[in-house]
Amino acid sequence: MTSTVQPGAPTATEPRTSRFTRRPRTTEESPAHWSVKAAVVIICFFWIVPAFGALITSFRNEADANNSGWWTALNPANWGSFTFGNYHDAIVNAQLGQAFINSLAISLPATFIPILIAAFAAYAFTFMQFPGRDVMFLIIVSLLVVPNFVAMVPLLQIYGSLGLGGTFVSVWLFHIGFGMSLAIFLFRNYMATLPREIIESAKVDGASHYATFYRLILPMSTPVLASFAIFQFLWVWNDLLVALVFIGPGENAPLTVAVKNNLIGQQGQGWNIVTAGGILTLILPVIVFLSMQRYFVRGLTAGSVKG
Amino acid sequence: MGIKIANTILTVVAGVGVALVLYWLLNKLAELLPGRWEDRLKPYLYILPAVAAICLYVLYPGLQTIEYSFANATSTKFVGFDNYTKLFSSNGFQQTILTTLVWIVVAPVAAVLLGLLVATLVDRLSPRGEKTAKTIVFLPLAISAVGAGTIWRLVYAYAPAGQPQIGIQNAIVTALGFDPVAWLTIRTFYLNTLLLIVMFLWLQMGFSMVLLSAAIKGVPTDTMEAGRVDGANERQIFRRIVVPQIMPTVVTVYVTVLIGVLKLFDVVYVMTNGNFNTNVLATEFFNQLFTNFNNGFAAAIVVITILAVIPVMIFQVRQFRLQEANR
């Protein structure tokens with residue numbers, strides 16, 4: 001069981017239940033002591049309160065939000081003044097509507113394009129013999145932890161001379177390049193746990209590598225493909241540095257850059273608008289996360305070291 | 001706006017389509033070769049696009065950056081070790097290194113200890129309580145530092161004494177009769193950096209908690225039972241029986257958070273922009289690149305970061321080899 005939490009944890013054979021389910025206890029236990037319960041409640045309270053405060057503030061009008069604490073809005077007498085206006089202002093005036101579309105336009109291609117490319121490579125690394133294979137794979141493993149700003153200075157110059165500065169293409173390619181080692185690593189580790197006999201018998205039946213890959217390996221690898229896709233999507237959606245360096249503020253700016261530049265960085269933007277902008281950035285990640293938590297946990301160890 | 005949506009869909013479809021055609025062509029190309037050559041060449045053709053992407057975007061620019069770190073601000077002339085000596089002799093950069101060290105020392109250890117604490121606590125709850133608590137602590141992992149920044153700037157917000165406090169931390173402080181504090185400007189004992197670490201832990205702790213929790217659940221109950229039979233109390237069981245068995249996971253979590261800290265950019269950039277002695281390596285890199293337009297300094301900071309990452313890289317490769325040997 002401890003082996004499931006080593007880097008590159010995902011395997012095909014692990015039980016497909018959530019990590020959050022508990023193992024069956026062999027000994028009967030008394031219900032948790034009240035002090036344990038109290039401690040957990042306090043911890044959860046610390047986790048919820050900051051986000052809850054921002055959520056409440058995003059529905060308050062400007063005068064209230066900037067002249068009194070959000071907790072005063074909890075008094076039912078003040079509930080009448082809640083408004084959706086901040087979201088309208090954030091989406092239209094602070095241009096977060098456009099930025100939301102930009103974030104999608106950046107994230108989706110950067111998520112889906114690397115999958116097939118990495119899967120092909122992972123297939124070769126898993127099921128084919130060739131000189132240099134192990135060395136190349138070790139290099140890929142070690143590149144997993146390289147921080148992505150390593151590549152920025154030269155790429156900025158190259159993009160400048162190619163006229164790619166500020167375009168979506170520049171960030172797609174960057175994220176594809178930097179997502180590749182994680183994808184190959186995850187896919188290869190998963191494919192290595194698929195039953196060999198299936199591949200052997202496909203070979204006996206005369207199936208080519210190409211056919212084996214498309215008909216057998218790719219469909220069988222869906223869980224790990226999904227877990228990479230979620231990781232890469234959240235990673236690109238939440239990215240600030242890459243977008244700042246290669247796109248920057250303006251009409252192509254994604255949500256993270258727009259919220260930082262149009263709201264947080266601007267003097268005089270009220271807390272009501274700033275928090276509404278913040279909530280807008282996290283709606284989609286939270287939905288994706290909650291609906292696909294299982295796949296997310298699967299890629300966790302390997303995914304979190306990604307540079 | 002409609003055009004952008006259409007373009008996005010088109011790019012996804014075209015991108016995947018082009019990849020499909022590319023592999024079909026590469027495969028056909030290999031099949032044209034005589035039998036033995038086909039088998040020899042095919043693997044390389046399969047890995048070619050992926051390896052090309054890595055070489056083009058990671059290896060080549062990485063090596064180029066090392067070269068630039070020995071060149072001037074516009075990368076037109078070599079200056080030897082000038083960038084490094086100038087950086088290390090400037091007070092600003094020394095401060096940046098010190099602040100980065102505070103992060104390195106505090107954040108990974110705090111993440112492990114806190115994760116361990118929460119994991120052991122929720123392990124004693126009912127399954128439903130455990131799941132709820134874990135989801136709450138885990139959820140911030142999905143959101144960006146920018147989103148979290150709007151949340152935590154509100155927590156640390158400051159208004160001069162006498163005015164109503166918007167931030168909950170200052171509201172508590174003033175309610176207790178003290179003066180409000182401009183939290184993110186206090187450099188004494190790195191208080192502002194420590195407060196940024198609190199925000200970082202709020203974002204990241206779910207990661208260490210989930211991994212450590214899985215490890216704790218993997219500890220065989222009979223080893224704990226044996227301890228109980230021998231008269232060990234709960235604390236002894238935890239320290240002598242559970243901790244040694246989850247040690248590999250503790251190391252993995254520590255290393256992972258350490259890497260996260262070494263490349264940390266957005267938390268600092270969003271909260272303080274590196275002011276008030278909160279600057280770390282990645283934010284200083286960004287400053288040199290975009291405020292000072294000094295490629296030489298920026299590249300030198302990258303190289304310093306790489307040097308710090310290399311031990312982690314070696315650990316990663318070793319870990320992988322170990323895992324392969326056990327397969």
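Predicted model: local features only at pLDDT ≥ 70, side-chain atom pairs only at ≥ 80, totals over all residues.
Local features were required to have pLDDT of at least 70 and side-chain atom pairs pLDDT 80 or more, whereas totals for chains, interfaces and linings use all residues. Residues are numbered from 1 along each chain as its sequence is written, with chains lettered from A and ligands numbered from 1 in the order in which they are written.

Between the chains, 104 residues of chain B are in contact with 99 residues of chain A, contact being defined by C-beta atoms, placed from the backbone, within 7 Å. Helix α2 (residues 35-68) of chain B supplies the largest share of the side of chain B that touches chain A, namely 18 residues; helices are DSSP runs (H or I, at least four residues), numbered from the N terminus. That side of chain B comprises 67 nonpolar, 25 polar and twelve charged residues (Ala, Val, Leu, Ile, Met, Phe, Trp, Tyr, Cys and Pro count as nonpolar, Asp, Glu, Lys and Arg as charged, and the others, Gly among them, as polar).

Axes are lines fitted to C-alpha atoms, for helices over the stretch in contact, and angles run from 0 to 180 degrees between N-to-C directions. Residues of α4(A) including Leu108(A), Phe112(A) and Leu116(A) meet residues of α1(B), among them Val12(B), Gly15(B) and Ala19(B). This contact has 16 nonpolar, four polar and one charged residues.

Within chain B, helix α5 (residues 127-138) and helix α8 (residues 191-218) pack at about 140°, their axes 7 Å apart, and α5(B) and α8(B) are therefore oblique to each other. Lys134(B), Val137(B) and Phe138(B) of α5(B) make the contact with Met205(B), Gly206(B), Met209(B) and Val210(B) of α8(B).

α2(B) bends by about 50° at Leu48(B), with Pro49(B) following within four residues. α10(B) bends by about 55° at Met247(B), and Pro248(B) follows within four residues.

Methods:
Contact = placed C-beta atoms within 7 Å. Helix = DSSP H or I, 4+ residues; strand = E, 2+ residues; numbered from the N terminus. Bend = angle between axes of the 7 residues up to and from the residue. Parallel < 35°, antiparallel > 145°, perpendicular 65-115°, else oblique.
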